[in-house]
Amino acid sequence: MLEAKKLHFCIKKKPILDQASICIKSGELTALIGPNGAGKSTLFKLLSGEARCQLGSISYNRHPIETLKSNQLATLRAVMPQHSSVTFPFRALEVVELGLVLSKQSFASSTIQKVMKATSTWHLRDQLVDNLSGGERQRVQLARVLAQIWEPKPFPRYLLLDEPTSSMDIAQQHHVLQVVSQLKHKNIGILAILHDLNLAANYSDAVVLLKEGVVVKQGPTRKILTPENLEQVFDYPIQVSAKEPHQPIFISSLPTNKTAPMYNYKLA
Ligand code: ADP
Ligand code: MG
């Protein structure tokens, strides 16, 4: 289990996270949902170890994060940040190979080929990443993190994704979430920050709702994604249709007169 307890994080005395506790189980996909600026990426950076929490605790399989060496952490979790930049003129294949370097695995061309085929990037392998479209670049980054955790290990591991499908077309979004969901069978727990509520509703097992740095609700997806909870978090009316337990959930929103105070002005 990846567990965070009572995380508190301030930037220039402004609280960004307040007593945030979250639990990611291996074999489950947990969606982290909340409005812009809620603190999702900050929580993500603390969980991944990129930033240090000021108060509270984080543990991977009961090992406190601060006791893990960077190579141990790289074996336990793979991270796809919201914005990944490539500073050298790398080809797509070289970026994906970095996934194996990070976890100090011996070079396995079969793994590289498998993850690049799973993410529909194998045909892009010789292209410079800088020349790819936003969605293609995201898929190459996803292939890199998949390479890091593709080979099975005898302990639970975690995949952390910050808006992994934000630049992708709708078909690719579904494709990626299907690929990622398959990792659950490898005893991997996935945390994905998602803005598309329909993707979150239909691919996640659990949901964490974050607003203004506070975990408002967390639990099984169908129990948490109610119109009342979503309206509370987004300050906007949201409809949820979920007829039977095993049928797909459809989440929608319509134009309304209700606007958040920050948008409450008239254009001249
Ligand atoms: P989210 O990912 O939910 O959109 P973030 O975690 O990126 O939100 O940011 C949460 C809040 O913290 C925002 O108000 C953002 O402006 C602020 N913030 C994040 N990083 C910094 C920083 N380095 N300096 C100042 N403010 C920051
Ligand atoms: Mg963010």
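A backbone N or O atom of G39 is 3.0 Å from an oxygen atom of ligand 1, and for a backbone N or O atom of S41 the distance to a ligand 1 oxygen is 2.9 Å. In T42 an N or O atom of the side chain lies 2.6 Å from an oxygen atom of ligand 1. The protein buries 58% of the 560 Å² that ligand 1 exposes when taken alone (Shrake-Rupley areas with a 1.4 Å probe). This is a predicted model, in which local features need pLDDT of at least 70 and side-chain atom pairs pLDDT 80 or more, while totals for chains, interfaces and linings use all residues; side-chain values use heavy atoms, without hydrogens and water. Residues are numbered from 1 along each chain as its sequence is written, with chains lettered from A and ligands numbered from 1 in the order in which they are written.

The shell around ligand 1 (residues with a heavy atom within 4 Å of it) includes I11, P35 and K40. β2 (14–24) and α1 (40–48) are the elements that give two or more residues to this shell, and α1 gives the most, with three. Helices here are DSSP runs of H or I with at least four residues, and strands are E runs of at least two. By class the shell has four nonpolar, five polar and two charged residues.

Turning to the cysteines, the count of disulfides (sulfur pairs within 2.5 Å) is zero. The C10 sulfur has its closest cysteine sulfur in C53, 12 Å away and therefore too far for a bond. For C23 the closest cysteine sulfur is also in C53, but at 16 Å, again too far for a bond.

Methods
Polar contact = N/O pair within 3.5 Å; in protein donor to acceptor, adjacent residues only side chain to side chain. Nonpolar A, V, L, I, M, F, W, Y, C, P; charged D, E, K, R; others polar.
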